[in-house]
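Hi,

Here is the structure I promised to pass on. Have a look at it first, and then read my notes below.

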Number of protein chains: 2
Amino acid sequence: MNLSERKKRILRAIIESYIETAEPVGSKAIADCIGMEVSSATIRNDMADLEAMGLLEKPHTSAGRIPSSKGYRLYVNELMEEHKLSLQETQRINQALHLKMQELDRVLDQAGRVVSQLTNYPSFSLSSGMERVTVRRFDLLMVELNAFIIVVMTDTNVVRNRLIRLPSDLTQAQLQMLNTLLNTTFTGLTLEEITPELMRVAQHAAGEAYGLISLVVSFAIEVLESLEHRTVRTAGLAHLLELPEYRSLERAQPLLSYLSEENDAARFPVPKDDPMRILIGPENVADALKDTSVVMASYDIGEGMRGVIGVVGPTRMDYAKITARLSYLAEGLSKLFGQGQLPGGKDEET
Amino acid sequence: MNLSERKKRILRAIIESYIETAEPVGSKAIADCIGMEVSSATIRNDMADLEAMGLLEKPHTSAGRIPSSKGYRLYVNELMEEHKLSLQETQRINQALHLKMQELDRVLDQAGRVVSQLTNYPSFSLSSGMERVTVRRFDLLMVELNAFIIVVMTDTNVVRNRLIRLPSDLTQAQLQMLNTLLNTTFTGLTLEEITPELMRVAQHAAGEAYGLISLVVSFAIEVLESLEHRTVRTAGLAHLLELPEYRSLERAQPLLSYLSEENDAARFPVPKDDPMRILIGPENVADALKDTSVVMASYDIGEGMRGVIGVVGPTRMDYAKITARLSYLAEGLSKLFGQGQLPGGKDEET
DNA sequence: TTTAGCACTCCAGAAGGACGAGTGCTAAAT
DNA sequence: ATTTAGCACTCGTCCTTCTGGAGTGCTAAA
């Protein structure tokens with residue numbers, strides 16, 4: 001893909017103009033750009049070449065050209081200049097990050113909302129599920145004679161709890177025994193390792209309180225499952241409708257439905273290593289995203305977990321601006337979680 | 001508002017036809033209904049009367065009539081027949097409720113989604129904040145020398161926790177002392193009663209560990225605050241676009257934006273006593289809802305709290321069907337929470 | 001009080017046409 | 001060899017016009 005310098009400039013001008021206006025770009029408009037010293041006819045010729053290379057497209061014979069996915073890809077890879085964040089923007093992001101936010105969930109909600117406001121595109125965010133999480137310790141706290149609290153802490157430092165009421169009373173000694181039994185039998189095990197077999201053995205050992213074992217362990221299983229389970233949240237869906245390409249309901253509706261559908265995290269790929277990933281048009285797997293672009297940044301949640309935050313928009317999105325903002329935010333999130341600036345470190349609740 | 005029997009039947013026929021088709025209804029269409037033995041001219045006369053009473057409107061001279069808000073109101077109050085749920089529908093709702101759902105949040109998410117799917121309208125749900133919540137007990141669990149878990153349980157049986165890491169080590173005895181101090185000083189107090197004054201006294205009493213007091217207490221304050229704070233969630237926004245009245249973006253966009261805006265619970269009124277409430281068109285306070293109707297049902301979360309779940313749609317919504325489904329679901333939720341069918345009673349996490 | 005008939009209103013959708021932006025090609029110019 | 005000017009052609013957009021039909025209100029008869 002060797003392009004003359006002029007063709008590159010033309011391609012870039014077309015893409016940037018189209019990004020801004022969403023209107024096909026004609027040869028005349030490009031010729032009028034300052035810094036373009038050739039005539040529109042020359043540009044027409046070059047445009048024809050660019051089209052032959054698959055970098056541009058014509059909506060119809062006598063409209064201007066619009067970039068193809070391939071064109072955007074080239075732009076993103078080679079032509080795009082880095083966007084500098086304005087002071088305002090960094091302030092906005094910092095402010096969002098520095099809200100006293102306690103829970104992972106809330107932080108991500110907030111982050112998603114900020115991204116959406118900042119970019120005027122719908123945003124999504126998800127945290128990658130953890131694998132092979134195990135329970136590190138159980139604590140049982142007696143509340144009343146017939147109620148106690150289970151506290152489960154995982155090896156990833158997540159702590160969760162549940163209040164349990166019982167039909168019958170319980171002694172402190174029983175609880176103590178149960179506690180020890182749980183901690184010796186069920187700690188350090190992954191989901192798969194907690195077998196019915198093991199349960200039976202433990203229940204046998206628990207004597208009278210055998211029913212409680214399954215109560216507590218099934219709570220632990222819930223916790224482990226919920227940690228492996230990834231959830232997606234979206235924000236700012238309504239921004240979609242502000243875009244000229246989604247003025248017609250036929251286009252907007254399927255995409256909107258897709259984005260607001262049951263949050264199946266599997267639909268969003270989690271980039272393993274790249275901190276920033278851009279999927280343009282047909283590069284997306286999901287049909288509903290075939291004519292949209294997705295830009296996403298991943299960040300470190302600590303404990304080996306990663307999260308992803310990104311935006312969805314028309315292929316003509318302002319990649320430069322958006323990548324800049326996203327990566328700045330993602331870095332902020334990484335710092336927030338990874339380095340334990342959160343009061344109390346990397347723990348989280350829910 | 002005394003209407004002849006025939007006029008009532010005509011009004012009802014018009015409203016039900018309009019609910020179904022979203023098209024203005026003409027006199028001929030009504031006359032053709034089985035059970036209407038009079039001619040279209042007669043019906044025209046009656047329709048003119050109904051219009052004069054403000055129950056019907058004309059979009060323009062030669063379209064049929066459409067119901068006015070006042071017309072809908074009359075319909076809802078007097079004319080509407082109770083809708084029977086089909087077996088399918090009840091099964092669907094029951095199934096949604098009987099999923100093993102642990103956390104209040106997830107239950108409500110799920111309920112909102114089910115309502116939206118069941119009605120094909122966007123749904124919202126919110127739980128009323130609690131007032132005057134107090135901490136019932138603190139537990140501090142030592143994890144490592146420089147880390148411990150705070151467990152806070154409120155008088156409303158909500159239990160939350162947080163992992164705290166310390167820059168320096170800590171002895172079991174210190175933690176024990178702290179625990180006792182917290183439980184004697186800060187339990188049974190509402191947010192307002194936890195004064196800086198009190199904090200100072202406690203810090204003084206804590207000696208060396210005085211810094212920890214504020215850590216733990218501020219966590220407790222966060223918990224109490226989050227319980228007083230109401231949140232709204234929405235689901236199925238995309239359904240809006242399926243409706244003929246929101247085919248034009250100009251109509252859909254403001255409403256969609258409004259619904260997906262920052263979740264300010266204040267925007268949704270929580271009906272105090274009515275289990276079911278219907279707001280038709282201009283009866284809504286919010287401008288964005290002026291030509292929509294809101295149907296909501298409230299349910300008991302237990303511990304004196306109430307939640308609300310509802311749908312938003314065009315004024316021509318099928319009130320009969322929707323109220324039936326909502327109230328069935330709300331009853332289910334009440335049972336679920338109020339009677340403690342949730343494993344472990346009324347506790348919840350997050 | 002109800003009905004049939006009729007003139008009138010007004011929207012929706014089709015059809016036609018002018019406009020204009022943009023193209024590709026050719027031939028001249030550099 | 002590349003660039004430019006000129007020109008005919010294409011094709012979507014916008015505007016106008018027109019027509020059909022659904023629905024109304026009114027009047028007069030049943």
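Let's start with the protein surface near DNA strand C: its residues split into eleven polar, six charged and four nonpolar. Bear in mind that this is a predicted model.

Where does that surface come from? Helix α3 (40–52) of chain A and α3 (40–52) of chain B each give at least two residues to it, and α3(B) has the largest share, with four residues. There are 21 residues around DNA strand C, and the ones that come nearest are Ser27(A), Arg6(B), Ser39(B), Thr42(B) and Thr61(B).

- Ser39(B) has a backbone N or O atom 2.9 Å from a phosphate oxygen of DNA strand C.
- Ala63(A) has a backbone N or O atom 3.2 Å from a sugar or linking oxygen of DNA strand C.

One more residue to look at is Lys7(A), which sits in helix α1 (residues 5–21) of chain A. Is Lys7(A) buried or exposed? With a relative accessible area of 16%, Lys7(A) counts as buried, because the cut-off for that is under 20%. Its side chain makes a polar contact of 2.9 Å with the side chain of Asp49(A). Leaving out residues up to four places away in sequence, Lys7(A) touches Asp46(A), Asp49(A), Leu50(A) and Met53(A).

Cheers

Key: Residues are numbered from 1 along each chain as its sequence is written. Chains are lettered from A and ligands numbered from 1 in the order in which they are written. This is a predicted model: local features need pLDDT of at least 70, side-chain atom pairs count only at pLDDT 80 or more; totals for chains, interfaces and linings use all residues. Side-chain values use heavy atoms; hydrogens and water are left out. A residue is near a molecule or strand if one of its heavy atoms lies within 4 Å of it. A polar contact is a pair of N or O atoms within 3.5 Å; within protein, one must be able to donate a hydrogen and the other to accept it, and residues adjacent in sequence count only if both atoms are side-chain atoms. Ala, Val, Leu, Ile, Met, Phe, Trp, Tyr, Cys and Pro count as nonpolar, Asp, Glu, Lys and Arg as charged, and the others, Gly among them, as polar. Buried means under 20% relative accessible area, exposed over 50%, partly exposed in between (1.4 Å probe, protein chains only). Contact means heavy atoms within 4.5 Å.
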